[in-house]
Amino acid sequence: MPAATASQTIGPYWHLIEHREWADLTRFGAEGERIEVTGRITDGAGDAVVDAAVEIWQASPPADERFPGYGRSATDAEGRFRFVTLKPEAVPGNGNQTQAPHLSVVLLSRGLMTALRTRVYFQGEALNETDPLLASIEDPAERATLIAKPAGAGTWNLDIRLQGEGETVFLEV
């Protein structure tokens, strides 16, 4: 069997999940509504995925020297991840559409030959009803896999299931 190509692994960057400060997008002094986003990644059997790298990207607020707009977190021994960031706002979509506030998520882990991509939306946002991506998901149960729920003051939680019942909706991009 031929060796895996660079696009089939997450190497040589795997070591970057060891830098826990990357999970705090406010670490350079960003100002705005600070939130915490947490979750747990499980496999098809419901077991914790303990060796994943979770990345978030956000278009709002715009990235600058005080806010990178990007973060990375490793999962712990229970499959949990945690980010500190600024609450995103609505952003323009295709045409005249507006996208609800959201985070883009990339999931990398051993055994995944291709990164998985999804989004985190926030429960209670009025624009969730008209967001183009959410509106394209007909099944309410599937749509719910993208909606983070409040979990305390300024904290939002969204668990990610890789397969099986309650599987998170993943995007082809």
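**Legends to close-up views of the predicted model**

**View 1. Val-54 touches Ile-41, Gly-71, Arg-72, Ser-73, Thr-75, Phe-81, Phe-83, Val-105, Val-106 and Leu-107, leaving out residues up to four places away in sequence.** Contact here means heavy atoms within 4.5 Å. The model is predicted, so local features need pLDDT of at least 70 and side-chain atom pairs count only at pLDDT 80 or more, while totals for chains, interfaces and linings use all residues. Residues are numbered from 1 along each chain as its sequence is written, and side-chain values use heavy atoms, with hydrogens and water left out. Val-54 lies in strand 2; helices (H or I, at least four residues) and strands (E, at least two) are DSSP runs numbered from the N terminus. Why does Val-54 count as buried? Its relative accessible area is 1%, and buried means under 20%, exposed over 50% and partly exposed in between (1.4 Å probe, protein chains only). Val-54 and Val-105 are 51 residues apart along the chain, and 7.0 Å separates their C-alpha atoms.

**View 2. Strand 2 (residues 53-57) runs antiparallel to strand 3 (residues 70-74) and also to strand 7 (residues 102-108).** Two strands pair if DSSP finds at least two bridges between them. Five bridges join strand 2 to strand 3, and five join strand 2 to strand 7. On the strand 3 side, Ser-73 stands opposite Val-54. On the strand 7 side, Val-105 stands opposite Ile-56. Four of the five residues of strand 2 are buried. The loop between strand 2 and strand 3 contains Pro-61. The peptide bond that joins Ser-60 to Pro-61 is cis, with an omega of about -5°. Most peptide bonds are trans.

**View 3. The largest nonpolar core has 24 residues.** A nonpolar core is a set of buried Ala, Val, Leu, Ile, Met, Phe, Trp, Tyr and Cys residues joined through side-chain atoms within 4.5 Å. Which residues touch the most other members? They are Ile-41, Val-54, Phe-83, Leu-107, Val-120 and Ile-160. Strand 1 (34-42), strand 2, strand 4, strand 7 and strand 8 are the elements that give two or more residues to this core. A second, separate core has seven residues, among them Tyr-121, Leu-134, Ile-137 and Val-169.

**View 4. Arg-40 in strand 1 is partly exposed.** Arg-40 is put in this class because its relative accessibility is 24%. Beyond four places in sequence, Arg-40 touches Gly-46, Ala-48, Glu-78, Gly-79, Arg-80, Phe-81, Leu-158, Asp-159 and Ile-160.

View 5. Of its 13 lining residues, Arg-20, Ala-23, Ser-73, Ala-74 and Arg-82 are the closest to its centre. On a 1 Å grid over the protein atoms alone, a pocket is an open set of points with protein on both sides within 12 Å along at least five of seven lines, and lining residues have an atom within 4 Å of a point. Grid points are joined across faces, edges and corners, and the volume is the space filled by probe spheres (1.4 Å probe) set on the points. Strand 3 and strand 4 (80-86) each supply at least two residues of the lining. Strand 4 gives the most, with four residues. What classes of residue make up the lining? Five are nonpolar, two polar and six charged; Ala, Val, Leu, Ile, Met, Phe, Trp, Tyr, Cys and Pro count as nonpolar, Asp, Glu, Lys and Arg as charged, and the others, Gly among them, as polar.

**View 6. Strand 9 (residues 147-150) pairs with strand 8 (residues 116-122) in the parallel sense and with strand 10 (residues 155-157) in the antiparallel sense.** The pairing of strand 8 with strand 9 has two bridges, and Phe-122 stands opposite Ala-148 in strand 9. Strand 9 and strand 10 are likewise joined by two bridges, where Pro-150 has Trp-156 of strand 10 as its bridge partner. These two strands form a hairpin with four residues between them. Gly-152 in the turn has a positive phi of about 120°.

View 7. Along the sequence the pattern is β-β-β-β-β-β-β-β-α-α-β-β-β. Of the 173 residues, 40% are buried. Among contacts with a separation of 6 or more, 64% are between residues 24 or more positions apart.
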